[in-house]
Amino acid sequence: MDFHILGQQLVNGLALGSIYGLIAVGYTMVYGIIGMINFAHGDVYMVSAYLTAICLAILSYFGMVSPFFLIVITLIVTVFFIALYGWSIERIAYKPLRNSPRLAPLISAIGVSLVLQNYVQVSQGAKTQAVPTILPGAFRFGTETEFIQITYIQVLLIIVSFISMAVLTYIIQKTSLGRQCRAVQQDAKMSAILGINTDRIISTVFIIGAAMAGIAGVLVTMNYGSFDFSVGFITGVKAFTAAVLGGIGSLPGAMLGGIILGMSESLFSGFVNTDYKDVFAFSLLVLVLIFRPSGLLGKPLVEKV
Amino acid sequence: MLFTNPNDPPILAALKDSLFVGLIAFLVFAPISGMVLDGYGFNSHLERPAIMAAIVFAGRFIYQFLAGTSFGKNLIAKFAASKAKPGVYVGQSDGLKYLKFILPVLFIACLILPFFLDKYWLSVATLAMIYVLLGLGLNIVVGLAGLLDLGFVAFYAVGAYTFALGSQYGIGFWTAIPLAAILAAMAGGILGFPVLRMHGDYLAIVTLGFGEIIRLILNNWMEVTGGPNGAPAPNPTFLGIEFSRTAKEGGVPYHEFFGVTYNPAAEYIFLYIVLFLVVSLMIFFFSRLRSMPMGRAWEALREDEIACRSLGLNHVMVKLSAFMMGAMTGGVAGVFFAAQQGFVNPTSFTFFESALILAIVVLGGMGSVVGVVLAALVLTILPETLRTFAEYRILIFGILMVGMMLWKPRGLIRIRRPYFSRGDSK
Amino acid sequence: MNAETLATNGVVGESTPALLNVDGLTMRFGGIIALNNVSFTVQPHSITALIGPNGAGKTTVFNCVTGFYKATEGKLSLNAGGKQTDLRKVLGERFQWSDYVNPKAFGERLYYKAFGGSHRVALAGVARTFQNIRLFRELTVVENLLVAQHIHLDRNLIRGTLRTKGYRASERKALETAYHWLDVMNLTEDANRLAGELPYGNQRRLEIARAMCTEPKLICLDEPAAGLNPRETEDLSKLIRKLRDEHKVTVLLIEHDMGLVMSISEHIVVLDYGQVIACGSPKEIETNPKVLAAYLGTEAEEVVS
Ligand SMILES: Nc1ncnc2c1ncn2[C@@H]1O[C@H](COP(=O)(O)OP(=O)(O)OP(=O)(O)O)[C@@H](O)[C@H]1O
Ligand SMILES: [Mg+2]
């Protein structure tokens with residue numbers, strides 16, 4: 001086995017995994033709080049990729065070239081707009097369904113997912129889009145011929161993901177908002193009785209989830225450069241796999257699951273087969289659900305009777 | 001809302017609220033539909049989000065304004081009442097009294113229909129029938145058993161490829177139908193057995209993944225499936241009689257056998273009739289199924305799994321039977337699809353296909369056979385007549401799905417439950 | 001106390017083997033010990049009551065007995081219809097190391113892992129009702145009772161579709177049984193209403209009827225009198241006696257209504273904080289100081305009266 005290839009795959013896997021982790025946050029928090037798989041979440045991420053490209057296009061139209069400002073402004077703008085998406089979607093398609101039959105919100109979410117994909121396709125065309133490289137260059141370790149390479153943008157990606165996760169963890173663990181979130185997650189009815197505005201908390205969770213997906217969208221787009229309207233589907237399912245792998249409902253679990261999934265997928269495509277890397281990820285999902293449905297960090301749950 | 005004031009007169013309050021909503025709508029629509037990417041640059045089309053936001057604003061304003069009037073209040077109350085009305089009732093007979101007459105007439109009409117259609121509409125009708133079959137299959141899984149299967153298309157693909165690839169090994173149309181049914185059911189069983197014991201919602205995502213796995217395998221396993229290029233499917237035959245101008249499969253062309261003039265549409269007419277008979281059989285079967293122990297168990301499971309278990313029902317097996325039965329139907333539909341297209345490739349089996357079938361079930365009322373049949377016909381024939389909207393087809397399906405859930409999550413058609421009087425023998 | 005209890009039960013058990021034998025039952029949820037070494041027996045054709053303050057673990061005992069929770073430790077055996085059933089084994093236990101050297105044990109464990117579950121407990125002859133009524137709300141009352149007879153019916157799809165003679169006979173018999181139980185429960189009027197539409201009291205009776213339709217040897221009733229008015233409670237106590245006397249079923253019930261418990265049960269098991277604190281005849285329980293202490297401040301007067 002070539003160790004530099006192994007190392008390179010692990011580095012790529014780490015970058016990919018932090019992205020899965022960021023997106024998985026949206027699944028895990030929403031599932032934790034209203035027990036619903038938000039099928040549209042992957043498409044929210046896809047929309048954020050478009051927002052990134054649009055924002056970059058507008059900024060360069062105004063002649064902005066500094067990578068630092070390009071990245072910071074794009075992050076802020078994208079997160080703002082994508083949070084608005086997250087909020088609106090919850091408001092329109094999920095909130096009225098709080099007390100409806102079990103399948104209703106799931107089906108509604110699938111509807112939203114279709115709407116988002118087709119809306120983007122109709123507005124922006126079906127073609128693959130691309131963004132210019134903003135931050136070229138890379139760190140290299142090793143010899144001339146055998147080296148491990150980490151691009152600057154990958155470094156940025158990993159750092160920003162970890163900072164976002166750290167900030168989010170702080171918010172959830174230490175602030176009043178976070179306490180309310182956790183309370184609603186434990187028992188929504190009781191929290192409402194105690195005066196917590198559960199609707200507002202649920203909205204907030206959707207906004208947080210969308211914002212994290214937005215950050216992921218910006219970073220991925222800057223890293224890989226190209227995307228189209230259908231990228232949300234596969235990425236979404238994989239991020240969900242990451243959430244389940246880490247233990248659904250658990251924030252650190254989402255990150256851990258993301259990184260494990262990213263790395264193993266990267267290794268699989270590096271050493272086994274690239275064509276079947278998605279098959280590998282889905283198979284992993286099924287295996288985890290069968291053998292460890294509570295995930296790595298989730299608490300085993302006994303369904304109350 | 002943010003800047004409304006409780007002392008505002010109603011009209012002003014409505015205006016402010018609608019302005020706020022319109023503004024949000026503008027912000028949501030502006031970047032994606034207003035700034036169209038063009039290479040690394042963009043073209044501004046801000047008029048598009050402006051128009052959409054204006055529509056949202058107007059709609060919201062009219063709604064808010066009407067909500068203030070007694071007429072509007074009435075309307076809203078009526079709407080709420082229609083929503084609250086239970087989607088289920090207990091009825092003695094199958095609704096219409098003259099069903100006995102309508103059904104045979106309808107049956108004959110559908111049977112002779114292909115003789116009056118041109119080739120294009122015949123293919124639409126066949127496709128519609130295929131979707132009826134798919135809808136009926138998924139209806140068992142989602143509507144009756146309450147299992148959200150988002151990878152239904154996988155079983156459809158199994159059926160289609162069974163026929164297409166099987167033909168290379170001498171498997172004909174008539175062998176392919178039962179074979180596809182068995183293979184699809186087996187695929188359903190292998191997936192379902194481990195998966196169906198997990199928590200309900202996980203099933204949705206696992207089946208989604210499974211559908212995608214099947215598609216990826218079809219796409220990548222070049223040696224067997226032909227990859228993205230697909231595989232040809234032969235023409236259907238009937239007792240060795242072929243529908244091509246000259247015999248290819250070693251049988252007799254039909255026009256020679258019957259001594260009639262050759263009609264290139266004959267093959268499709270034949271396919272439609274066989275398909276229609278299969279669909280009729282399935283409709284008959286499924287409507288009986290609902291009053292059979294198996295069907296009852298599915299619905300009971302949908303209502304309360306824990307109670308089912310406490311009554312000695314093996315929930316995994318009951319779910320599995322629904323799952324396999326649905327898969328089987330999907331597999332059969334796949335054979336007809338392959339036969340009709342003469343060719344299969346992976347692009348016919350994407351998630352959108354699953355979503356479309358789900359839309360049929362949802363619109364049809366989750367559990368109602370009549371509803372599913374109607375929805376399948378509407379959702380496949382309508383887009384054909386409204387070609388200009390083809391681009392927006394999926395958008396409309398999506399909106400329809402959300403709208404249905406908001407308005408009538410139990411579907412448009414009320415579900416009838418059978419009436420049992422003492423000593424009934426049915 | 002526990003040893004003492006076992007000893008007294010053991011004496012009874014010598015003459016007639018117990019129908020249900022709970023031995024050292026322990027149930028943990030994460031850190032919570034909901035049941036701690038609970039042991040008691042239920043004699044055939046008796047009415048046994050399980051009482052205790054809120055949260056004592058009564059429902060948890062039911063859930064363990066009927067297989068909805070997998071007990072952490074202990075033995076549960078049912079001796080019904082001339083057959084001894086290990087109620088834990090049929091749920092599908094974890095593999096033990098010894099299984100890997102004993103193919104027969106391995107096969108058996110695998111079989112129950114694949115096809116076992118709480119339904120096996122029901123098949124062995126234990127039926128139950130739930131504290132929060134669990135009816136098939138959108139099915140009719142009759143259909144609820146037909147589903148309960150599922151395992152006894154002709155389930156062949158072909159015969160069913162063709163409505164053969166045998167199939168019709170099986171359905172007719174099921175319908176007769178259903179109407180028989182509706183008569184017993186005084187629910188005939190409601191036969192063709194949706195179960196979810198019935199008044200509360202009728203729903204409770206329907207749930208009992210449904211449990212009885214499975215032809216159980218032991219029926220476990222979880223707070224059957226909850227939410228009933230005194231008249232309905234009076235009727236219920238007659239009904240429970242009737243079930244035992246005329247329909248040859250053993251009754252195990254959880255109830256907070258001390259009047260009901262004292263008047264109909266022959267044997268009472270008292271649970272507090274997941275432990276059996278007393279067990280014996282109503283007379284003995286009434287005067288047991290430990291029971292009085294457990295109930296003091298809550299329902300002490302009722303116990304005494
Ligand atoms: N699935 C579960 N997960 C975690 N804890 C549980 C679960 N089921 C029960 N418990 C805990 O076990 C304890 C006993 O609960 P149980 O429902 O058995 O009480 P009970 O005696 O039936 O009370 P009540 O009279 O109020 O019905 C409680 O502390 C409860 O919170
Ligand atoms: Mg209880």
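Predicted model: local features only at pLDDT ≥ 70, side-chain atom pairs only at ≥ 80, totals over all residues.

Reader: What box do the C-alpha atoms of chain A fill along the principal axes?

Author: The secondary structure of chain A comes to eleven helices and four strands. Taken along the principal axes, the C-alpha atoms of chain A fill a box of roughly 65 × 50 × 35 Å.

Reader: How many helices and strands does chain C have, and what is its radius of gyration?

Author: Chain C comes to 13 helices and ten strands. For 305 residues the globule rule gives 19 Å, and chain C is close to that, so it is as compact as a globular protein of that length. Its C-alpha atoms fill a box of roughly 65 × 60 × 40 Å. The radius of gyration of chain C is 20 Å.

Reader: What separates the centres of domain 1 and domain 2 of chain B?

Author: The domain assignment of chain B gives domain 1 as 10–83 and domain 2 as 106–412. Taken over C-alpha atoms, the distance between the two centres is 39 Å.

Reader: Which elements of chain B give two or more residues to the nonpolar patch on the surface?

Author: The patch is formed by B:Val378, B:Leu382, B:Leu386, B:Phe389, B:Tyr392, B:Ile396 and B:Leu400, with about 570 Å² of accessible area together. B:Tyr392 lies in the loop between H16 and H17 of chain B. The elements that give two or more residues are helix H16 (369–385) and helix H17 (393–407).

Reader: Where in chain C is C:Lys70 placed?

Author: C:Lys70 gathers with B:Arg197, C:Arg94 and C:Lys113 in a patch of positive charge on the surface. Its place in chain C is the loop between helix H2 (58–65) and strand S4 (73–80).

Methods
Residues numbered from 1 in each chain as written. Chains lettered and ligands numbered in written order. Heavy atoms only, no water. Patch = residues over 30% accessible without salt bridge, like charges linked within 9 Å, V, L, I, M, F, W, Y side chains within 5 Å. Areas by Shrake-Rupley, 256 points an atom, 1.4 Å probe, with all protein chains shown as cover. Salt bridge = Lys/Arg side-chain N within 4 Å of Asp/Glu carboxyl O. Lys, Arg positive; Asp, Glu negative; His and termini not counted. Charge placed at Lys NZ, Arg CZ, Asp CG, Glu CD. Domains from an automatic or database assignment. Rg over C-alpha atoms; globule rule 2.2 N^0.38 Å.
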